[in-house]
Amino acid sequence: MDLKLREPIAAYGKKKFTVDEYLEYENASQEKHEYYQGEIFAMSGSKVPHNIIAGNLYFSLRKKLGGKSCQPFNSDQRIYIPPNSLLTYPDISIICGEIITKDNDNWNIENPSVIIEVLSHSTKNYDKGEKFTLYRDISTLKEYILVDSEKILIEAFRINDSGHWELEEYKSTGETLLVKMIQGSIPLTDIYEGVKLNSTG
């Protein structure tokens, strides 16, 4: 989903919120919001190509992970990062093993292994820059995958054996995305199926 220009919203006449105040506000809201260091940011809906790609990925992952120890979640699932306070809704997250939530609240997952964001024009720089920096505070995160919704381009960041992030790019419909954490592969033709793009790779 898109953040509305990364401008914090005004609510209840307050400028800063605690995490608990945000959660109370969010549970009563009809819209989704991101929280970071006391500020709440409204999230808007996404364009059709973004939603098709996210749906294709989630569908493929559900088929591959059925009955296994890892499971995918869509953008309805909120992720919480205690070290930096970020609460957000990735397009797709994959959790392997036991699900850990904030204070066992069964709402805010703290231990994703893989996060996938479908890039929109308005969020591309944020997802590649500041948000990736914040996601790296998740100790369980092994892969961060960015899928462009305007052209054939996937950037897969993975932690190597030395603990450093490495990038692998996919730029052609003839390629297959490897989600290493789950040892699963998804053809780019499946990911971009039904999407009209500026270029087809």
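The model is predicted, so local features need pLDDT of at least 70, side-chain atom pairs count only at pLDDT 80 or more, and totals for chains, interfaces and linings use all residues. Residues are numbered from 1 along each chain as its sequence is written, and side-chain values use heavy atoms, leaving out hydrogens and water.

Me: Why is aspartate 103 called exposed?
Reply: Its relative accessibility is 65%. Exposed means over 50%, buried under 20%, and partly exposed in between, with a 1.4 Å probe and protein chains only. Therefore aspartate 103 counts as exposed.

Me: Why is lysine 102 called buried?
Reply: Lysine 102 has 11% relative accessibility, so it counts as buried.

Me: What makes aspartate 103 and lysine 102 a salt bridge?
Reply: The rule asks for a side-chain nitrogen of Lys or Arg within 4 Å of a carboxyl oxygen of Asp or Glu. Here the closest N and O atoms are 2.9 Å apart, so the pair qualifies. Salt bridges with shared partners also join Asp20, Lys102 and Asp103 into one network.

Me: How do you know that glutamate 34 and lysine 131 form a salt bridge?
Reply: Their closest N and O atoms lie 3.4 Å apart. That is within 4 Å, so the pair counts. Both glutamate 34 and lysine 131 are buried.

Me: What makes a set of residues a nonpolar core?
Reply: Its members are buried Ala, Val, Leu, Ile, Met, Phe, Trp, Tyr and Cys residues, joined through side-chain atoms within 4.5 Å. The largest here has 27 residues, with Ile94 and Ile191 among those touching the most other members.
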